[in-house]
Amino acid sequence: MANVKPSGAPADTMPVSSLSGVSPGGVREAQLHKLGIYTVGDLLRHYPRRYEFRGDVVTVKSVLDELSVPSLLYPFPSFLDNDNIDTSYELTPKSFILTVVTEPKLVTAKRGISFIKFRAADDTGVCEIVFFNQPYLKRAFPTGSRFRFYGKPTLARGSLRLTSPSYEAAPPGAELAPVVPVYSLTSGMTQKIFSGLVKKAFSFAASSLVDRIPEKLREKHSLPTIRYAIKNIHFPADEKSLNAARQRLVYEEFLIYALKVMRIRATRDTLCAHYINKTDIKPLVSQLPFPLTGAQKRAINDIYADLRGKNGKRGLMYRIIVGDVGCGKTVVAAAAAYIIIKNGFDCAMMAPTEILARQHYADLSALLSSLGIKVVLLVGSLKAREKRESINACCDPNGPPVLAVGTHALIEEGVRFRRLGLVITDEQHRFGVMQRAALSGKGEVAHVLVMSATPIPRTLSLVMLGDLDESRIDEMPPGRQRVTTYVVDESYLERIEAFMKRETEAGHQVYVVCPAVEDDNTDGASGSGRPEMMTAVGYAEALSKKFPDIKVAYVHGKMKGAEKDAVMRAFAANEIKILVSTTVIEVGVNVPNATLMVVLNAERFGLSQLHQLRGRVGRGTAKSICILISRYAKAKGTTAYERLETMRTTYDGFAIAERDLALRGPGDFLPSSESTRQSGDLPINLAGIEGACAMKLLDAAFSDAREIMSDDPTLSKPEHEPLAAITAPIEGAERTIS
Ligand code: ADP
Ligand code: MG
């Protein structure tokens with residue numbers, strides 16, 4: 001999917017190597033490919049991740065005055081008088097125009113650390129500038145020269161300091177861009193070079209950009225043209241033109257997304273399923289050591305109705321079961337598999353990781369084997385002979401129908417089923433509509449059931465799950481313990497670490513979660529003054545050093561699947577006591593012995609994400625605790641504080657999701673731009689679009705898409721032509737059964 005580019009528009013067919021400075025087969029081209037940029041159009045649609053508003057220049061004195069307010073002694077949170085925090089708690093980066101007044105001095109400190117240091121001034125005062133580990137910068141700042149510096153100012157012994165600021169030469173009369181874009185890049189590519197390439201691409205191809213939004217709709221919503229939008233998303237003249245550009249591009253992405261979803265749905269609704277007889281699930285239910293909850297029964301009934309066909313019409317089931325971690329989705333999946341298999345069809349169940357697949361295999365074969373159902377496992381680490389046996393069991397024309405449990409990769413690729421009747425996907429918590437369509441398009445026409453632990457707000461579910469019917473499990477099995485949640489600031493870290501130690505000494509295990517590392521890929525021209533965030537690897541090392549007798553390990557998204565699985569397995573086997581991770585454990589395993597969940601920089605996570613993380617503990621009988629660490633722990637009046645409070649006081653995933661939507665808008669619920677590289681869903685970066693505004697654009701795009709579909713279902717009218725190709729349902733999804 002990722003490599004298939006829409007064709008037709010010249011900018012979209014022109015390879016990036018047609019730009020000067022990018023030679024075919026060269027290093028630049030390889031770097032661009034790594035970013036998913038193949039054509040000039042791709043380059044123009046690689047939007048900045050954020051912007052620096054460097055146009056508002058401040059004076060040294062004004063910042064000194066601001067910084068001297070005692071309650072704002074940032075960035076030393078432990079010195080803070082926490083009760084006085086307001087929303088200005090953190091000084092934002094600022095722009096200064098300063099003349100270098102002392103010659104840069106190179107200082108070599110211990111352990112290979114060096115820095116250069118000099119003073120620069122404006123008419124109101126002097127500022128100290130420091131750069132770490134860039135000795136070559138010594139010659140970049142001759143005395144008397146003028147620069148625009150951009151960074152977070154701090155106070156050092158009474159005077160102002162900028163550490164590793166971005167800088168640009170600013171000789172008198174120079175024209176400096178008021179808003180500077182910052183892109184997500186790959187190593188070796190700098191902001192300056194990338195920006196230059198975008199500039200070239202724009203002058204080269206702007207006139208050949210095709211406007212995908214029909215003019216009528218563009219006018220209806222007063223949105224700018226594609227040419228204006230592309231220009232201003234990269235090189236905004238001011239904040240207003242940036243916003244106009246952003247709205248237009250977001251609306252465009254939403255419209256495309258909506259049309260894709262609707263076209264997939266329309267295609268699927270023409271498909272016809274195998275006939276399913278009346279099937280009694282009592283034998284299955286009587287195997288369970290507990291009665292089903294009402295919500296589980298309702299979900300099973302929904303599935304049964306889908307499978308049997310509505311109003312005499314045998315359509316395909318395409319249903320998602322949404323419910324909090326631990327609400328009992330596996331049993332619902334088992335019931336669906338049971339019905340299908342009793343009717344002579346095979347069922348495939350896919351999990352995102354091998355360890356989850358193994359867990360399901362263990363649970364489901366225990367439950368279903370005694371009912372005469374064959375359950376097989378299909379994961380990468382099986383011995384060749386075992387794998388062959390499993391594959392044979394699926395395709396042997398004389399064998400009984402099977403339930404094959406495995407990882408996505410394995411079931412998608414090698415296996416041919418005799419008569420595949422149902423595909424169940426578990427924990428697909430980021431919704432890849434297109435990915436799902438691609439899956440169901442493979443092989444035969446089968447019913448689809450998706451299990452998700454990410455509750456989606458009602459208002460969004462229509463939109464997000466446009467291609468699915470939804471069953472909600474909004475009731476927990478009786479007797480579940482509540483994971484008491486605390487929200488504290490970083491000054492508690494020491495105490496929390498002591499608590500981690502005590503928990504492990506009591507025989508329990510601990511999860512620690514850090515936000516993913518953001519690589520800003522800065523160069524001299526746009527360094528970042530942001531404080532380093534704690535990373536999983538760094539923190540795991542610090543903990544190991546501190547507690548040499550406790551086995552600490554880390555796992556993060558950049559590790560290979562097998563490596564990740566190995567660590568998770570060791571954790572599940574209680575060989576690792578403290579597991580430090582990024583959010584990969586979110587799609588997680590069941591480790592009932594884990595009793596403590598600690599989340600660092602908790603304000604950076606979506607609430608639903610935090611809720612899922614919290615669901616990783618409290619699965620056993622021992623009392624479990626979740627500690628959210630954030631410097632907004634006491635920052636009353638901020639959105640961050642409100643969100644953390646929601647976590648502390650609310651334990652219902654659906655309620656949390658509604659609250660998160662109200663506070664932050666739909667961004668956290670939509671597929672992220674990283675995941676889109678694979679799934680082809682929503683490439684836009686919503687950062688910077690206010691929540692309510694994004695919601696409005698989303699609604700508008702969906703209602704416009706509905707109108708387009710009823711007026712021109714095949715998108716054959718000329719004004720819909722640019723939309724037709726890019727929203728075409730994936731090939732294969734159209735196959736019907738003979
Ligand atoms: P999830 O929805 O997160 O996939 P699981 O299906 O793994 O949840 O179920 C979590 C636990 O709850 C399992 O140990 C399961 O046996 C148990 N369980 C499921 N349904 C019920 C029920 N109706 N009553 C009691 N326990 C249940
Ligand atoms: Mg589950």
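Predicted model: local features only at pLDDT ≥ 70, side-chain atom pairs only at ≥ 80, totals over all residues.
A polar side-chain atom of Gln 296 is placed 2.9 Å from a nitrogen atom of the ligand. Lys 329 also contributes a polar side-chain atom, which lies 2.8 Å from an oxygen atom of ligand 1. At Gly 328, a backbone N or O atom is found 3.1 Å from a ligand oxygen atom. On its own, ligand 1 has 560 Å² of accessible area, and the protein covers 73% of this.

Helix H21 spans residues 639-649, and helix H22 spans residues 653-664. Their axes come within 10 Å and cross at roughly 175 degrees. The two helices are therefore roughly antiparallel, as the angle is over 145 degrees. H21 contributes Thr 639, Glu 642, Arg 643, Thr 646 and Met 647 to the contact. These meet Ile 656, Arg 659, Asp 660, Leu 663 and Arg 664 of H22. By class, the H21 and H22 contact holds 5 charged, 3 nonpolar and 2 polar residues.

Definitions and conventions:
Residues numbered from 1 in each chain as written. Chains lettered and ligands numbered in written order. Heavy atoms only, no water. Axes fitted to C-alpha atoms, helices over the stretch in contact; angles between N-to-C directions. Helix = DSSP H or I, 4+ residues; strand = E, 2+ residues; numbered from the N terminus. Parallel < 35°, antiparallel > 145°, perpendicular 65-115°, else oblique. Contact = heavy atoms within 4.5 Å. Nonpolar A, V, L, I, M, F, W, Y, C, P; charged D, E, K, R; others polar. Polar contact = N/O pair within 3.5 Å; in protein donor to acceptor, adjacent residues only side chain to side chain. Areas by Shrake-Rupley, 256 points an atom, 1.4 Å probe, with all protein chains shown as cover.
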